[in-house]
Amino acid sequence: MKNEMMNQMNRLVLAVLLRGLRVLYRSDDRVRAEMDSWRKGLTLKLVCGPGGAALAVRQDDACGVVQVRRAQRTDITMRFKSVSGAFQVLSGQVGISDAYARHLFALEGDIYQTMSFVRCVEYIEAYLFPGFMARRILREVPEKKLSSLRVYALAAVERVR
Amino acid sequence: MAGQRRQEKWLQPDRDGKESGCGRAAGNGDGRQMTPYFEFTNPTKLCSGKGAVDNLAYELQILGVQHPMILSDAVLEKIGTLRVVLQALGDRKIGRIFTDIPRDSSVEVVNRIAQEYRDYGCDGIVALGGGSVLDTAKGVRLLIGQGSDNLLDLMGCECLPQGEHIPFLAIPTTAGTGSEATAVAVIRNTERNIKMEYISQQLMPDVAILDARMTQTLPPRITASTGMDTLCHAIEAYSCMQKNPLSDAYAVAAIELVRGNLMKAVCCGRSRKARLAMANASFLAGAAFSNSMVGVVHAVGHALGGVCHIAHGDAMNILLPAGMIFNRKVCREEYAGLLLYLAGPEVYVQTPKEKRADRAITEVLRLRRRLHQLTGLPLTLKEAGVDPAKFPEVAGVALNDGAVIVNPRQVTYESVIRILEMCYGE
Ligand SMILES: [Fe+2]
């Protein structure tokens with residue numbers, strides 16, 4: 001697949017990820033507990049390869065996270081080394097823990113605080129990817145508190161601006 | 001006897017009954033598949049064996065160091081180990097000797113030493129000590145190399161650009177942490193009561209010097225404790241998600257050396273052969289886990305260190321069998337394979353294939369028991385004086401340790417509590 005196509009896909013999945021985080025903050029108490037443990041105003045950035053899509057968010061008491069535009073320096077930055085590496089993760093071929101094991105990304109910031117974010121991503125992976133994919137990329141598939149279809153529906157109508 | 005019964009009870013099948021084939025990485029009879037991508041790095045020059053320390057002056061010269069900063073601790077100064085190293089320097093100048101490094105070094109200590117490094121115009125670091133001194137030296141090197149004055153600004157994993165090259169030589173005085181061979185430094189954050197992990201290639205020493213004279217005076221109790229840390233590095237490296245053919249080779253070589261030499265080093269500390277073998281085991285296991293990472297045993301161990309101030313090796317000794325039992329579900333084949341190195345070829349071939357993983361855990365339990373009889377090394381958290389009321393806090397900290405991300409089995413709050421309860425020993 002061409003880099004540009006992967007870039008587009010990454011951008012799309014990042015948008016789903018942002019909405020997913022907010023939806024699950026309201027509807028899954030485990031995700032809520034994780035995000036409530038984040039430091040007030042913690043900023044997080046995902047960068048999908050050099051020149052690739054990026055998403056920056058800030059911890060928010062009401063919605064879990066809000067998107068930050070033009071974030072220069074964030075507390076935690078997960079920087080994928082390549083567009084294709086990010087694509088492997090965002091398209092559900094590789095789980096976040098495997099991505100770490102395969103050195104697909106570098107991490108700037110406190111490893112300790114990142115682990116909670118990693119768990120949130122693993123919850124989202126369980127909802128967003130079909131069962132057979134989730135079982136392949138997660139060490140243990142967490143029980144779903146609502147159907148994936150419902151998460152998708154809620155994410156579709158989620159207002160992020 | 002009670003201890004023995006308890007340990008055998010541990011080997012019962014997992015409570016949920018399922019023994020393998022449920023984890024994503026579970027064996028299917030053909031061995032776990034090799035990771036589709038791996039990295040391996042170990043640029044450190046190893047000088048190992050008789051008279052290795054005597055080459056220090058030469059190694060400094062090769063690295064162009066004129067005014068080295070010598071980092072060590074008060075005990076090594078007192079018992080004369082530091083003197084051996086200083087003598088090896090001959091007429092070479094020294095920039096600064098700093099021996100005021102506590103057992104549990106912190107961000108503040110690192111920041112302060114970096115300031116002294118600059119004040120005294122040093123141009124290289126020689127670290128002589130155990131894990132704490134070596135990790136402190138790594139922190140100092142990182143700060144100087146990156147031109148920073150606060151270690152908290154440099155947190156992260158594989159994210160720092162190549163800074164200024166600061167020559168760095170490591171001389172371990174325990175055979176355990178393997179810090180002389182790793183890209184990892186664990187440093188305490190006093191404010192948050194946690195041990196922080198730094199992962200960067202720039203933490204790897206240019207030269208590691210292994211010399212039996214450096215560890216000969218180590219008391220049996222610490223020899224045992226640090227030796228179990230080495231074993232733990234090798235076993236976790238061999239079973240973590242990031243394992244690869246090279247880290248495997250280092251890990252099994254380390255385990256063989258531990259099998260042949262740990263008891264000897266504990267019983268006859270003067271044995272140069274056993275001491276050197278253990279120093280090499282420590283280096284090998286360090287290189288292994290630096291490239292494949294460690295898992296749940298270290299995550300919980302770091303948390304116990306941070307919250308309850310348990311010595312790292314003691315925590316490893318207490319937690320290792322429980323951690324193996326927790327991971328057994330998905331690591332049967334790895335553990336079965338390790339039996340060859342843990343117990344030797346006779347035991348390996350005499351043990352039926354399906355019993356090898358459990359036998360490997362039994363071998364670890366046996367080794368622990370012997371070390372306990374010889375040195376009083378604690379087998380349970382109770383003996384180590386851990387208050388069970390702290391378990392929730394320990395579990396919370398452990399979950400956020402970087403090591404859980406590559407543990408072969410998902411680590412949850414409940415599973416950490418179960419491991420802690422199992423290790424409490426009632
Ligand atoms: Fe360790």
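1. Two strands count as paired if DSSP finds at least two bridges between them. Within this pair Val57(A) stands opposite Gln67(A) in β3(A), and β2(A) and β3(A) form a hairpin with three residues between them.

2. The basis of the values should be kept in mind: this is a predicted model, in which local features need pLDDT of at least 70 and side-chain atom pairs count only at pLDDT 80 or more, while totals for chains, interfaces and linings use all residues. Residues are numbered from 1 along each chain as its sequence is written, chains are lettered from A and ligands numbered from 1 in the order in which they are written, and side-chain values use heavy atoms, with hydrogens and water left out.

3. Inside chain A, strand β4 (residues 76–80) pairs with β5(A) in the antiparallel sense over four bridges, and Thr77(A) stands opposite Glu108(A) in β5(A). Towards the partner chain, β5(A) pairs with strand β5 (residues 156–157) of chain B, again in the antiparallel sense, over two bridges, and here Leu107(A) stands opposite Cys157(B).

4. The interface between the chains brings 27 residues of chain A into contact with 31 residues of chain B, contact meaning heavy atoms within 4.5 Å. Together chain A and chain B bury about 2800 Å², with 54% of it on carbon and sulfur atoms; buried area is the accessible area (1.4 Å probe) that two parts lose on being put together, summed over both. Of the area that chain A buries against chain B, Tyr100(A), Tyr112(A) and Arg139(A) supply 30%, more than any other three residues.

5. As for specific interactions between the chains, two salt bridges are counted between chain A and chain B, a salt bridge being a side-chain nitrogen of Lys or Arg within 4 Å of a carboxyl oxygen of Asp or Glu. In one salt bridge the side chains of Arg409(B) and Glu140(A) meet at 3.6 Å, N to O. There are also ten residue pairs in polar contact between chain A and chain B, both residues at pLDDT 80 or more; a polar contact is a pair of N or O atoms within 3.5 Å, where within protein one must be able to donate a hydrogen and the other to accept it, and residues adjacent in sequence count only if both atoms are side-chain atoms.

6. On the side of chain A that touches chain B, the elements giving two or more residues are α4 (96–101), β5 (105–108), α5 (111–128) and α6 (131–137) of chain A, and α5(A) provides the largest share, eight residues. This side divides into eleven nonpolar, five polar and eleven charged residues, with Ala, Val, Leu, Ile, Met, Phe, Trp, Tyr, Cys and Pro counted as nonpolar, Asp, Glu, Lys and Arg as charged, and the others, Gly among them, as polar.

7. Chain B is itself divided into domain 1 (2–30 + 218–424) and domain 2 (45–214), with bounds that come from an automatic or database domain assignment. The contact takes 30 residues from domain 1 of chain B and 27 residues from domain 2 of chain B, and the area buried between these domains is about 2200 Å², of which carbon and sulfur atoms give 62%. In domain 1 of chain B, Leu276(B), Phe283(B) and His302(B) lose the most area to domain 2 of chain B, together 23% of what that side buries.

8. Between domain 1 of chain B and domain 2 of chain B the count of salt bridges is zero.
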